[in-house]
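Hi,

Here is the structure I promised to pass along. Have a look at it first, and my notes on what turned up are below.

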Amino acid sequence: MTQRERMLVAVVAAVAEKGFAEMTVADVVAHAGVSRRTFYEHFDDKLDCFLQAYVARAEFVLESIEARVHELGPGAGWRERLHAGLGAYLERLAAQPESARVLNVDVLGAGPRALALRERVLERFVAQYRGLGDEDMLRALVGGIAEMVQARLLAGAAESLPDLLPTLERFAFAVVGARDRGEAWVA
């Protein structure tokens, strides 16, 4: 693992311990076992490090979803794809609770740049559902999923996230409609 990668892991651990506001560069370098100089060779400040970790974790989750859906092959219907994508999302978050918290809770308190970045990530989730409904309904679907995940994370129950799959599927099916819409959704 490179020094940069160690610092991206370290910032997630530091935020998990203290929250973004209380976390310091000193916490990151202590967790990563690097110098402050090394930190500043890679990042402008703690926010820059946090945002880069956020992007890396979000990409990892999105790639996991896309890979799971891709495994189904081109003949899979939208319900199968939705099930696979939601399952991959919940499993990935449950497997990495600190990352899940950074992606779904801590980002909310990291300021305007973090919120703008979160908005772009949520748009990528919405894009996965395009073709299944209008943009406002799809945004409501993604927001509702995020809210349910946040509630579990705030309750300290990340390991139970996969248990949400049946509820979130019913919710998604209600939002996009009960009729079969063919192959509209692709990850």
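A term to start with: a residue is called buried under 20% relative accessible area, exposed over 50% and partly exposed in between, using a 1.4 Å probe and protein chains only. Please keep in mind that this is a predicted model, in which local features need pLDDT of at least 70 and side-chain atom pairs count only at pLDDT 80 or more, while totals for chains, interfaces and linings use all residues. Residues are numbered from 1 along each chain as its sequence is written, and side-chain values use heavy atoms, with hydrogens and water left out.

**Salt bridges**

With a salt bridge taken as a side-chain nitrogen of Lys or Arg within 4 Å of a carboxyl oxygen of Asp or Glu, the count comes to 7. Arg37 pairs with Glu41, and their closest N and O atoms are 3.4 Å apart. Both residues sit in helix α3 (residues 36-42), 4 residues apart, or about one turn of the helix. (Helices are DSSP runs of H or I with at least four residues, strands are runs of E with at least two, and both are numbered from the N terminus.) Arg37 counts as exposed at 65% relative accessibility, and Glu41 counts as exposed at 52%.

Another salt bridge joins the side chains of Arg68 and Glu91, at 2.6 Å from N to O. Arg68 belongs to helix α4 and Glu91 to helix α5, so this pair ties together parts that are 23 residues apart in sequence. Arg68 is partly exposed at 29% relative accessibility, and Glu91 is partly exposed at 37%.

Glu119 and Arg139 also form a salt bridge, with the closest N and O atoms 2.5 Å apart. Here too distant parts of the chain are linked: Glu119 is in helix α7 and Arg139 in helix α8, 20 residues apart. Glu119, Glu123 and Arg139 are linked in a network of salt bridges.

**The nonpolar core**

In soluble globular proteins, nonpolar side chains tend to be buried together. I used "nonpolar core" for a set of buried Ala, Val, Leu, Ile, Met, Phe, Trp, Tyr and Cys residues joined through side-chain atoms within 4.5 Å. The largest such core has 64 residues, of which Val11, Val28, Phe50, Tyr89, Tyr129 and Leu161 touch the most other members. Two or more residues each come from α1 (3-18), α2 (25-32), α4 (46-71), α5, α6 (97-104), α7 (112-129), α8 and α9. The largest share, 11 residues, is from α4.

**Helix α8**

α8 has 20 residues and reaches 28 Å from its first C-alpha to its last, close to the 28 Å expected (the expected span is 1.5 Å times one less than the number of residues). Asp134 caps its N-terminal end, with a side-chain oxygen 3.0 Å from the backbone nitrogen of Asp136. Just after the helix, Gly156 takes a positive phi of about 75 degrees. Among the buried residues of α8 are Leu138, Ile145 and Leu153, and what covers the buried residues includes α5, α6, α7 and α9.

Ile145 is buried at 6% relative accessibility. Leaving aside neighbours within four places in sequence, Ile145 is in contact (heavy atoms within 4.5 Å) with Leu86, Tyr89, Tyr129, Leu168 and Phe171.

**Asn104**

Asn104 lies in helix α6 and is buried at 7% relative accessibility. A polar atom of the Asn104 side chain is 3.0 Å from the backbone oxygen of Ala100. With neighbours within four places in sequence left aside, Asn104 is in contact with Tyr89, Leu93, Val149, Gln150 and Leu153.

**Helix α9**

In α9 (residues 165-176), the buried residues are Leu165, Leu168, Glu169, Ala172, Val175 and Val176. Seen down the axis of α9, they fall within an arc of 130 degrees, so they line one face of the helix (the arc is that of the directions from the helix axis to the C-beta atoms). The face turned away from the buried side carries the exposed residues Arg170 and Ala174. α5 (78-95) and α8 (135-154) are included in what covers the buried residues of α9. Gly177, with a positive phi near 105 degrees, follows the helix.

Happy browsing!

Conventions
A polar contact is a pair of N or O atoms within 3.5 Å; within protein, one must be able to donate a hydrogen and the other to accept it, and residues adjacent in sequence count only if both atoms are side-chain atoms.
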